[in-house]
Amino acid sequence: MALSGLRVLELAGLAPAPLCGMILADFGARVVRVDRAPRSAVATDVQGRGKRSLALDLKRPPGAAALRRLCSGADVLIEPFRHGVMEKLGLGPEVLLHENPRLIYARLTGFGQTGKYAKSAGHDINYVALSGVLSKLGRKGENPYAPLNLLADFAGGGVLCALGIIIALYERTISGKGQVVDASMVEGIAYISSFLWKSQNLGLWNRPRGENLLDSGAPFYETYKTSDGKFMAVGAIEPQFYDQLIKGLGLDSDKLPSQLSFSDWPEMKKKFASIFAQKTQSEWCSIFDGTDACVTPVLSFDDAPLHQHNKQRSSFIKNDQEEISPRPAPLLSRTPAVPSCKRDPFIGEHTEEILLEYGFTQEEIAKLYSDKVIESSKLKANL
Ligand SMILES: C[C@H](CCC[C@H](C)C(=O)SCCNC(=O)CCNC(=O)[C@H](O)C(C)(C)COP(=O)(O)OP(=O)(O)OC[C@H]1O[C@@H](n2cnc3c(N)ncnc32)[C@H](O)[C@@H]1OP(=O)(O)O)[C@H]1CC[C@H]2[C@@H]3[C@H](O)C[C@@H]4C[C@H](O)CC[C@]4(C)[C@H]3C[C@H](O)[C@]12C
């Protein structure tokens, strides 16, 4: 796989950093998740695919020293803590990059390493809010609405941090040097929203929230309920696609207002809603499948993996625990990701194996274990 041989240490975090680590693992990197010791009761990383777990107490000096040694043999470190935590542990970039100048030190935070909020707690919704993007999200007359934790945690966080790591790794092939990746989720989601900023003067966003082309204002970019309580998604923006939508709905375009007649949009939405409510989702799919009307079924998590198109592309995979999840994307033609089909690792499941791999002796491991700096179920058996 494309990232085979890459050694990554991911310090256990909440959601963004685990996705970043999983992306690298899916494409072949050997990702070690450094979990806390003593182990927390509940493993909260549900994105552990392809990773191994080492339980290590970083607050104990031998634990921090062990991580420094691991970082000396690693390519990438991903840390998910607020600014200053790693420095407090004696594990800041100055220390680790001095000991391993090739290290890519990725710092995935909400607000970045500097600035007024750098040391403040926060979650996805706070970051989307501070980026300006949240002000654009939500229907007319309703409060701004954050789409789950997809935008900052994952799109602007985990994914962009992985991109930053890959960019730094590519640069390292030329310079031979590592560097710090300061991945702020506020800036990540803002960057991803560049289209919204750059299209301010196109007349796409200058109306109040919920009255614009792509924010539920337009009748031809909306979801509609079907007679069986499901929904259809309509995205017929271009005139030639809009014409096919109108045809599929059984309407006569000569008797309708112009597609871009903003003032008629509310009435057109009501008209479309009344028509979509007359047939089931399956009946609408029979009408629109294979056309360019840009109309698709809104699929549940149960239905999406079973849909013919998604099955034809194997877009969803099942692991040996029968858990279904999306296949890694994008699909590379010659070196595609080969995601692990094993269950996610238990906390500390691979502690001994990893330490041996990174050059620790059995005696050193036994000492760390007896000092309660590391944890591993296997070590109990071996000692
Ligand atoms: C599933 C829920 C989360 C959904 C996603 C949510 C919407 C998000 O947006 S996640 C993104 C959050 N933001 C960031 O990641 C930005 C950067 N990080 C931060 O800003 C902060 O880390 C923080 C704000 C997220 C958390 O702050 P906190 O003070 O907790 O931590 P830090 O300041 O970063 O310091 C870390 C400290 O930990 C020490 N540490 C770290 N590793 C080790 C180690 N190996 N050994 C020893 N010590 C270690 C480090 O030294 C620091 O110590 P100090 O503070 O002393 O310096 C989930 C959201 C809430 C979860 C639930 C909750 O946590 C309660 C239960 C906990 C239980 O264990 C599991 C079940 C829970 C119900 C849990 C379940 C889910 O995980 C959540 C619902």
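In this predicted model, the axes of helix H5 (residues 124–131) and helix H6 (residues 150–175) come within 7 Å and cross at roughly 80°. On the H5 side the contact involves Asp124, Tyr127 and Val128, which meet Leu150, Leu151, Ala152 and Asp153 of H6. By residue type, the contact of H5 with H6 divides into five nonpolar, no polar and two charged residues.

H6 also packs against helix H7 (residues 185–192), at an angle of about 90° and with the axes 8 Å apart. H6 and H7 are therefore roughly perpendicular to each other. From H6, the residues Leu151, Ala152, Asp153, Ala155, Gly156, Gly157 and Leu160 take part, and from H7, Met185, Gly188, Ile189, Tyr191 and Ile192. The residues of the contact of H6 with H7 comprise eight nonpolar, three polar and one charged.

**Ligand surroundings**

The ligand is surrounded by 28 residues, of which Leu56, Lys59, Arg82, His123 and Asp124 are the closest.

| Residue | Protein atom | Ligand atom | Distance |
|---|---|---|---|
| Arg36 | polar side-chain atom | oxygen | 3.0 Å |
| Pro80 | polar backbone atom | nitrogen | 2.9 Å |
| Lys88 | polar side-chain atom | oxygen | 2.9 Å |

Taken alone, the ligand exposes 1,400 Å², and the protein buries 64% of that area.

**Loop residues**

Pro101 sits in the loop between helix H4 (93–99) and strand E5 (104–109). Leaving aside residues up to four places away in sequence, Pro101 touches Lys177 and Gly178. The C-alpha atom of Pro101 is separated by 8.8 Å from that of Ser72, and these two residues are 29 residues apart along the chain.

Which residue has a positive phi although it is not a glycine? The residue is Ser314, with a phi of about 50°. Ser314 belongs to the loop between helix H12 (308–312) and strand E10 (316–318).

A further backbone feature is found at Pro330, where the peptide bond from Ala329 is cis, with omega near 0°. Pro330 is placed in the loop between strand E11 (324–326) and helix H13 (351–357).

Key: Residues are numbered from 1 along each chain as its sequence is written. This is a predicted model: local features need pLDDT of at least 70, side-chain atom pairs count only at pLDDT 80 or more; totals for chains, interfaces and linings use all residues. Side-chain values use heavy atoms; hydrogens and water are left out. Axes are lines fitted to C-alpha atoms, for helices over the stretch in contact, and angles run from 0 to 180 degrees between N-to-C directions. Helices (H or I, at least four residues) and strands (E, at least two) are DSSP runs, numbered from the N terminus. Contact means heavy atoms within 4.5 Å. Ala, Val, Leu, Ile, Met, Phe, Trp, Tyr, Cys and Pro count as nonpolar, Asp, Glu, Lys and Arg as charged, and the others, Gly among them, as polar. A residue is near a molecule or strand if one of its heavy atoms lies within 4 Å of it. A polar contact is a pair of N or O atoms within 3.5 Å; within protein, one must be able to donate a hydrogen and the other to accept it, and residues adjacent in sequence count only if both atoms are side-chain atoms. Accessible areas come from the Shrake-Rupley method with a 1.4 Å probe; for residues, only the protein chains shown count as cover. Angles under 35 degrees count as roughly parallel, over 145 as roughly antiparallel, 65 to 115 as roughly perpendicular and the rest as oblique.
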